[in-house]
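This report is meant for a reader who is meeting this structure for the first time.

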Amino acid sequence: MTLAKNQKSPLSRLYKKVSKKKSESSRNLEDEARTSSSSSGSSSLNIDELRTVFDYMDANSDGKISGEELQSCVSLLGGALSSREAEEIVKISDVDGDGFIDFGEFLKLMEGEDGNDEERRKELRVAFGMYVMEGEEFITAASLRRTLSRLGESCTVDACKVMIRGFDQNDDGVLSFEEFVLMMR
């Protein structure tokens, strides 16, 4: 999934779009959500708005978001997310191992979207390392192409240069870790 410079991820756009439309049901859950999340550190995010986004994504109202539901929401926002990518996001976010994202897991995922979560930065550092060639501290078009090829994505070096350009804030032709973090939002 390629995003232009300063463009947010489909999940971030969904959050912003849906958060403007507060639902009555989320207001009824206000006290419960605040109580359960205050101990998890989610107080910096508006729990009501996140509940509204979660409920919107949970198309079948079973209290869980499946990979299919996630893929559908991203598609509605004009993004592209393969079923494999959607399942991978669910797998990474699924703490209890049930194959779905529940509201608590969703809160943790959205905290990571803010970039305030130290654990998220550690995970991104590991992911960044997968794209970097040994002895380098940045992602080049060649290293990006190599990694995408290993993941089954066919891409030319020129196409990788275009992807990098979209997030290369200092126009040096490579992605630093901080630029990579922006790309992964």
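Predicted model: local features only at pLDDT ≥ 70, side-chain atom pairs only at ≥ 80, totals over all residues.

**Helix α4**

Helix α4 spans residues 47–57, and because nine of its eleven residues are buried, the helix is largely enclosed by the rest of the structure. The buried residues are Ile47, Asp48, Glu49, Leu50, Arg51, Thr52, Val53, Phe54 and Met57. Among them is Arg51, which has a relative accessible area of 16% and therefore falls under the 20% cut-off for a buried residue.

**Salt bridges**

| Pair | Distance, N to O |
|---|---|
| Asp55 and Arg51 | 3.7 Å |
| Arg84 and Glu153 | 3.9 Å |
| Arg121 and Glu178 | 2.5 Å |

The side chains of Asp55 and Arg51 meet in a salt bridge, and because these residues stand four places apart in helix α4, about one helical turn separates them. Arg51 is buried, whereas Asp55, at 30% relative accessibility, counts as partly exposed.

Arg84 and Glu153 form a salt bridge as well, with their closest N and O atoms 3.9 Å apart. Arg84 lies in helix α6 (residues 83–93) and Glu153 in the loop between α9 (141–150) and α10 (157–165), so that the pair ties together parts lying 69 residues apart in sequence. Arg84 counts as exposed, with a relative accessibility of 52%, while Glu153 is partly exposed at 40%.

In the salt bridge between Arg121 and Glu178, the closest N and O atoms are 2.5 Å apart. This pair, too, links distant parts of the chain, since Arg121 belongs to helix α8 (residues 118–131) and Glu178 to helix α11 (residues 177–183), 57 residues apart. Both residues count as partly exposed, Arg121 with a relative accessibility of 30% and Glu178 with a relative accessible area of 44%.

**A buried charge without a salt bridge**

Asp94 is placed in the loop between α6 and α7 (103–113). Although Asp94 is buried, it has no salt bridge, and the nearest side chain of opposite charge, that of Lys64, is 8.4 Å away. When neighbours within four places in sequence are left aside, the residues in contact with Asp94 are Gly99, Phe100 and Glu105.

Methods: Residues numbered from 1 in each chain as written. Heavy atoms only, no water. Buried < 20%, exposed > 50% of the residue type's maximum accessible area, 1.4 Å probe, protein only. Helix = DSSP H or I, 4+ residues; strand = E, 2+ residues; numbered from the N terminus. Salt bridge = Lys/Arg side-chain N within 4 Å of Asp/Glu carboxyl O. Lys, Arg positive; Asp, Glu negative; His and termini not counted. Contact = heavy atoms within 4.5 Å.
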